[in-house]
Amino acid sequence: MPLTERKPMRMDADGWDLGKVRYYIWKIAAGPDSGTPTGAVLKDALSSSGKLLRPRLLLYFGGMGPEVQTRRERLYLLAAMTELTHLASLIHDDIVDEAPSRRGQPSIQSKYGKDAAVYAGDFLISRVFRWGAQEGLLNAVERLAQTVEDMCAGEIGQAACRYRSDVTEEAYYANIRGKTAALFRTACGLGAAETGCPDWVVKKAEEFGEALGLLFQLRDDLLDFNGSGQTAGKETHKDFRDGIYTMPVLKALRDPWGWNALLPLMRSSREWGLTEDELAIMEQAVVRAGGVEAAWEEVRHYHRLSGEFLNELEDFGSVDGLRKVWCQLGLR
């Protein structure tokens, strides 16, 4: 909300004021007049921000450090910077994907045009780095800049793999480790480092964040195959249409029957596109070849792995908030 319209304090279960995070989000992003197209984009994007998952992770890990009480305000600022980095990436992703919707609502670029969306995404990133530098958060600025680079590398790698039937699971993981997991890793690590956690805790925070980010992307990739893709605001099988083969498809391709069933559809998709009936056939083939269940096993693996990281942090009070997030993301 704009600075003059800040809502009353809203505390989460661990005593963090998420309203303060939103306050800093609006303060950092203040800029172009709302009468401009870019200003309208920013107001729309900021008003529809989601559940603040990455900021919550940052705050929870910040709560583990001995300097948490003296660094709370800086943590709120870092949390806002992290969320704005995420928001800018979503705006840019929608442009690249020509996505018509985001979180069940018309996407920014579909409502305001690509030009205004590009300017808005660039503006948010520039404001994050400027604010971080002005506040002396130079380590955080460096980390966020490296994270943006990693996110771009993941997207570039994914684009290089489009329509390739020989894409490996290793390449898939390298791409999502950059485009999705990198910001999770950074959010967790920044929170722990900011409040003086020991190096081993910072390392464990980063490992947990990366595992959680991989789990998050795997679950997202499964939306097309569990009947909830459209209700989640995601165009059904858009990835397959665009030649982006996610884990369920890659797992199905390892099965000889699945390979023979899917390869003609992959070729047709690249040459002239697929009908809805052909996409339904593809979905059935992925399920029959065991791709969906195998992908869920990958989710369970990263859920177990991230849970093991949390167990090593059991002595820290704020681990309870992290465990709630962990449980929610692990649900089938």
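In the predicted model, Lys 27, Ile 28 and Ala 29 of helix H1 are in contact with Phe 123, Leu 124, Arg 127, Val 128 and Trp 131 of helix H6. H1 comprises residues 18–29 and H6 residues 114–134; their axes approach to within 9 Å and cross at roughly 105°. H1 is therefore roughly perpendicular to H6, since crossing angles of 65 to 115 degrees are assigned to that class.

H6 also contains Ala 120. With a relative accessibility of 0%, Ala 120 counts as buried, the cut-off being under 20%. Leaving aside residues up to four places away in sequence, Ala 120 touches Thr 38, Val 41 and Leu 42. The C-alpha atom of Ala 120 lies 9.1 Å from that of His 92, and the two residues are 28 positions apart in sequence.

Overall, the protein chain contains 15 helices and 2 strands. Of its 332 residues, 52% are buried. Among contacts with a sequence separation of 6 or more, 73% join residues 24 or more positions apart. The accessible surface of the chain amounts to about 15200 Å², and carbon and sulfur atoms contribute 52% of this area.

Helix H4 spans residues 72–97, and its axis lies 10 Å from that of H8, at an angle of about 170°. The two helices are therefore roughly antiparallel, as angles over 145 degrees fall in this class. On the H4 side the contact involves Arg 74, Leu 75, Leu 78, Thr 82, Thr 85 and His 86, and on the H8 side Leu 183, Ala 187, Leu 190, Gly 191 and Glu 194.

Phe 184 is likewise part of H8. Its relative accessibility is 0%, so Phe 184 counts as buried. Apart from residues up to four places away in sequence, Phe 184 touches Leu 53, Arg 54, Leu 57, Gly 209, Leu 212, Gly 213 and Phe 216. Phe 184 and Leu 57 are 127 residues apart along the chain, whereas their C-alpha atoms are separated by 8.0 Å.

Helix H3 is mostly covered, with 10 of its 10 residues buried. The buried residues of H3 are Leu 53, Arg 54, Pro 55, Arg 56, Leu 57, Leu 58, Leu 59, Tyr 60, Phe 61 and Gly 62. For Gly 62, the relative accessibility is 0%, and the residue therefore counts as buried. Gly 62 touches Val 68, Leu 75, Gly 191, Ala 192 and Thr 195, residues up to four places away in sequence not being counted. A C-alpha to C-alpha distance of 8.1 Å separates Gly 62 from Cys 188, a residue 126 positions away in sequence.

Backbone torsions were examined next. Most residues other than glycine have a negative phi. Leu 52, which is not a glycine, has a positive phi near 55°. This residue occupies the loop between helix H2 (37–47) and helix H3 (53–62). Leu 52 has a relative accessibility of 2% and so counts as buried. Tyr 163, also not a glycine, has a positive phi of about 65°. Tyr 163 is located in the loop between helix H7 (138–160) and helix H8 (169–194).

Within H13, the buried residues are Leu 279, Met 282, Ala 285 and Val 286. On the face of H13 turned away from the buried side are the exposed residues Glu 276, Asp 277, Gln 284 and Arg 288. The cover over the buried residues of H13 includes helix H10 (238–241), helix H11 (247–253), helix H12 (256–271) and helix H14 (291–311). Just after H13, Gly 290 adopts a positive phi of about 85°.

Technical notes. Residues are numbered from 1 along each chain as its sequence is written. This is a predicted model: local features need pLDDT of at least 70, side-chain atom pairs count only at pLDDT 80 or more; totals for chains, interfaces and linings use all residues. Side-chain values use heavy atoms; hydrogens and water are left out. Buried means under 20% relative accessible area, exposed over 50%, partly exposed in between (1.4 Å probe, protein chains only). Helices (H or I, at least four residues) and strands (E, at least two) are DSSP runs, numbered from the N terminus. Contact means heavy atoms within 4.5 Å. Accessible areas come from the Shrake-Rupley method with a 1.4 Å probe; for residues, only the protein chains shown count as cover. Axes are lines fitted to C-alpha atoms, for helices over the stretch in contact, and angles run from 0 to 180 degrees between N-to-C directions. Angles under 35 degrees count as roughly parallel, over 145 as roughly antiparallel, 65 to 115 as roughly perpendicular and the rest as oblique.
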